[in-house]
Amino acid sequence: MQVQTHTSGPLPVLRADAQAQAQAVPGGLRSLFGPSLRSALFVAVVTGLAYPLVTTLVAQAAFPKAANGSLVVRQGSVVGSALIGQEFASPRYFQGRPSATTAPDPDKADATVAAPYNAALSAATNQGPTHAALKESVAARVAAYRELNGLAADAAVPVDAVTASASGLDPHISVANAELQLPRVARERQLPVAKVQELLRQQVEPRVLGLLGEPRVNVLQMNLALDDLSAATLQPAAVHAAKE
């Protein structure tokens with residue numbers, strides 16, 4: 001059986017079409033360059049300029065305080081943020097939740113040192129409940145908290161008074177924590193306990209939308225209000241002493 005092949009027919013035409021397509025490809029890529037560039041510029045302008053500008057303008061108009069970091073200003077100076085805790089070591093002040101944040105050690109390039117409420121390096125210890133170091137640090141904080149506030153050796157201590165938050169920057173403490181510190185603060189400032197209790201009630205922040213979270217006290221705001229109360233209480237005595 002013989003198989004006949006035919007070289008005539010459409011094959012030359014197919015080869016000619018393939019050559020034409022090959023020659024047309026570079027031109028086709030060049031034709032896509034313009035639309036691609038315009039699309040990239042459009043996306044860059046919308047997502048990199050227009051959208052951030054609109055959201056910034058809306059935030060500044062509707063929520064200016066939150067948009068600028070919830071800064072706390074006293075007598076024209078920024079003293080902190082309502083969202084970031086601060087360390088208060090004096091017994092005259094309410095003390096915040098412990099912070100486990102660190103900072104680079106200036107003496108050792110590969111080491112860190114404790115730096116409470118370091119907003120530039122927000123972090124937790126990542127120590128689990130069975131971690132020996134965590135048990136030791138919590139036990140030491142419990143003992144120090146009881147001693148500072150004049151509590152009995154077996155007195156219950158609020159969890160937020162002896163454990164750090166996940167961010168290390170928590171600006172709030174529980175109401176129970178504040179109430180245990182209240183007698184010590186009133187004593188150190190020589191203020192009536194009833195006045196400090198009333199101030200604390202005014203500073204308690206309720207649950208968000210009445211449902212989320214727990215009632216809490218912003219430590220910075222509470223201490224600023226406490227300073228105002230001390231100044232108002234001492235002012236009459238100071239004026240009287242000046243007249244004498």
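**Close-up 1. The aromatic pair.** Rings of Phe, Tyr and Trp (its six-membered ring) pair if their centres lie within 6.5 Å; planes under 30 degrees apart are stacked, those over 60 are edge-to-face, and the rest are tilted. This predicted model holds 1 aromatic pair. Phe 88 and Tyr 93 have ring centres 5.5 Å apart and planes at 40 degrees, so the pair is tilted. Phe 88 is buried, at 16% relative accessibility, whereas Tyr 93 is partly exposed, with a relative accessible area of 21%. Buried means under 20% relative accessible area, exposed over 50%, and partly exposed in between (1.4 Å probe, protein chains only).

**Close-up 2. Arg 189 over the ring of Tyr 93.** Arg 189 lies over the ring face, 4.7 Å from the ring centre. A charge sits over a ring if NZ of Lys or CZ of Arg is within 6 Å of the ring centre and within 35 degrees of the ring normal.

**Close-up 3. The largest nonpolar core.** A nonpolar core is a set of buried Ala, Val, Leu, Ile, Met, Phe, Trp, Tyr and Cys residues joined through side-chain atoms within 4.5 Å. The largest has 22 residues; Phe 94, Val 196, Val 217 and Leu 226 touch the most other members. Helices H4 (175-189), H5 (193-203) and H6 (219-243) each supply at least two residues of this core. H6 gives the largest share, 7 residues. Helices are DSSP runs (H or I, at least four residues), numbered from the N terminus.

**Close-up 4. Around Phe 94.** Leaving out residues up to four places away in sequence, Phe 94 touches Phe 88, Ala 178, Gln 181, Leu 182, Val 185, Val 196, Val 219, Met 222, Asn 223 and Leu 226. Contact means heavy atoms within 4.5 Å. A second, separate core of 5 residues includes Val 142, Tyr 145, Ala 161 and Val 162.

Close-up 5. H3 (residues 132-148) has 17 residues and should span 24 Å at 1.5 Å a residue; its end C-alpha atoms are 24 Å apart, which agrees. The expected span is 1.5 Å times one less than the number of residues. Leu 134, Val 142 and Tyr 145 of H3 are buried. They cover an arc of only 70 degrees around the axis, which puts them on the same side of H3. The arc is that of the directions from the helix axis to the C-beta atoms. H4 is among what covers these buried residues. The face turned away carries exposed Glu 136 and Glu 147. Just after H3, Gly 150 takes a positive phi of about 65 degrees.

**Notes.** Residues are numbered from 1 along each chain as its sequence is written, and side-chain values use heavy atoms, without hydrogens or water. Local features need pLDDT of at least 70 and side-chain atom pairs count only at pLDDT 80 or more, while totals for chains, interfaces and linings use all residues.
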